[in-house]
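Thanks for taking a look at this one with me.

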Amino acid sequence: MSTRIAFLKGHGTENDFVIVPDPENVIDLPPAAVAALCDRRAGIGGDGLLHVVRSAAHPEAQHMAAEAEWFMDYRNGDGSVAEMCGNGVRVFARYLQRAGYVVEGDTTVATRGGVKTVHVAKNGDVTVGMGKALLPGGEVTVSVGERSWPARNVNMGNPHAVAFVDDLAHAGDLYTPPPFTPESAYPDGVNVEFVVDRGPGHVALRVHERGSGETRSCGTGACAVAVAAARRDNADPAVTGTPATYTVDVPGGRLVITERADGEIEMTGPAVIVAEGEIDAEWLDDARR
């Protein structure tokens with residue numbers, strides 16, 4: 001291995017990522033190293049890390065290699081492993097295009113949440129087929145300080161609790177995970193979205209992402225919010241037979257989410273590569289310890 005390791009920096013609606021290309025899966029990235037790379041003062045800085053690996057070279061993705069050449073080995077900013085990241089998939093696809101591995105048009109990306117279909121458009125937007133939402137039963141409540149709200153339990157390959165509130169400021173600072181009950185609803189933690197209405201088919205959110213704190217955007221969270229809003233608005237596409245589309249404003253920009261009558265969800269938004277460089281191998285060795 002060379003003494004330096006390539007990286008890129010990218011974002012989707014300001015949900016930002018360190019990108020580490022590693023086609024043959026030879027770079028050791030334990031949680032401590034990922035957390036150090038994502039540190040905004042002592043590292044490169046990011047909400048998470050996109051480890052770019054060929055599916056055939058990663059034990060968790062080999063079974064998907066026939067459907068998708070590339071695996072998004074996604075890590076949260078604290079180094080923990082995550083099932084999926086909607087903004088991350090868009091940025092991952094943009095990197096593949098930049099590197100010449102794919103061209104504009106349709107491609108597929110393997111994730112721990114399954115194989116995702118992706119369309120890279122000429123205008124810079126990327127559309128991701130996010131699959132279908134699961135709506136586990138049972139009542140969930142989330143709290144901030146003395147306020148509490150009922151929340152819709154939505155799973156987009158990762159867990160979400162969606163709470164509709166009167167004012168986004170009621171979400172507090174979102175530095176720490178908002179408490180929820182019952183604890184059995186999310187044994188591995190949860191992403192919590194606080195949502196307000198902006199108009200018909202138009203909402204805005206703030207989000208605490210599990211393992212990262214408040215982020216400027218959350219793709220799977222935006223999808224979960226659109227699903228929850230459609231049920232609240234009596235616009236469930238499976239019932240009406242008509243796709244439901246919501247514009248979702250996030251602190252870092254805007255996403256458009258469409259749920260079709262068959263339950264499949266598409267998310268469209270920007271994906272930008274802003275820089276590239278090299279990681280010092282000695283620094284990374286120290287970070288692994």
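Where is the place of asparagine 234?

1. Asparagine 234 sits in the loop between helix 3 (219-232) and helix 4 (237-240). Helices here are DSSP runs of H or I with at least four residues, strands are runs of E with at least two, and both are numbered from the N terminus. Before going on, a word on the basis: this is a predicted model, in which local features need pLDDT of at least 70, side-chain atom pairs count only at pLDDT 80 or more, and totals for chains, interfaces and linings use all residues. Residues are numbered from 1 along each chain as its sequence is written, and side-chain values use heavy atoms, with hydrogens and water left out.

2. The backbone at asparagine 234 deserves a glance: its phi is near 55°, a positive value in a residue other than glycine. Asparagine 234 is exposed, at 69% relative accessible area; the classes are buried under 20%, exposed over 50% and partly exposed in between, with a 1.4 Å probe and protein chains only.

3. Leucine 174 also has a positive phi, near 60°, and is not a glycine. Its setting is the loop between strand 10 (159-164) and strand 11. With a relative accessibility of 2%, leucine 174 counts as buried.

4. Please look at the peptide bond between threonine 181 and proline 182 too, which is cis, with omega about -5°. Proline 182 belongs to the loop between strand 11 (180-181) and strand 12 (191-199).

5. Helix 2 (residues 86-98) spans 19 Å from first to last C-alpha over 13 residues, close to the expected 18 Å; the expected span is 1.5 Å times one less than the number of residues. After helix 2 comes glycine 100, with a positive phi near 85°.

6. The largest cavity has a volume of about 80 Å³, meaning the space filled by probe spheres set on the points, which are joined across faces, edges and corners. Its lining includes Tyr74, Met84, Glu209 and Arg210. By class, the lining of the largest cavity holds 5 nonpolar, 4 polar and 2 charged residues, with Ala, Val, Leu, Ile, Met, Phe, Trp, Tyr, Cys and Pro as nonpolar, Asp, Glu, Lys and Arg as charged, and the others, Gly among them, as polar.

How values were computed. On a 1 Å grid over the protein atoms alone, a cavity is a set of points where a 1.4 Å probe fits but cannot get out, and a pocket is an open set with protein on both sides within 12 Å along at least five of seven lines; lining residues have an atom within 4 Å of a point.
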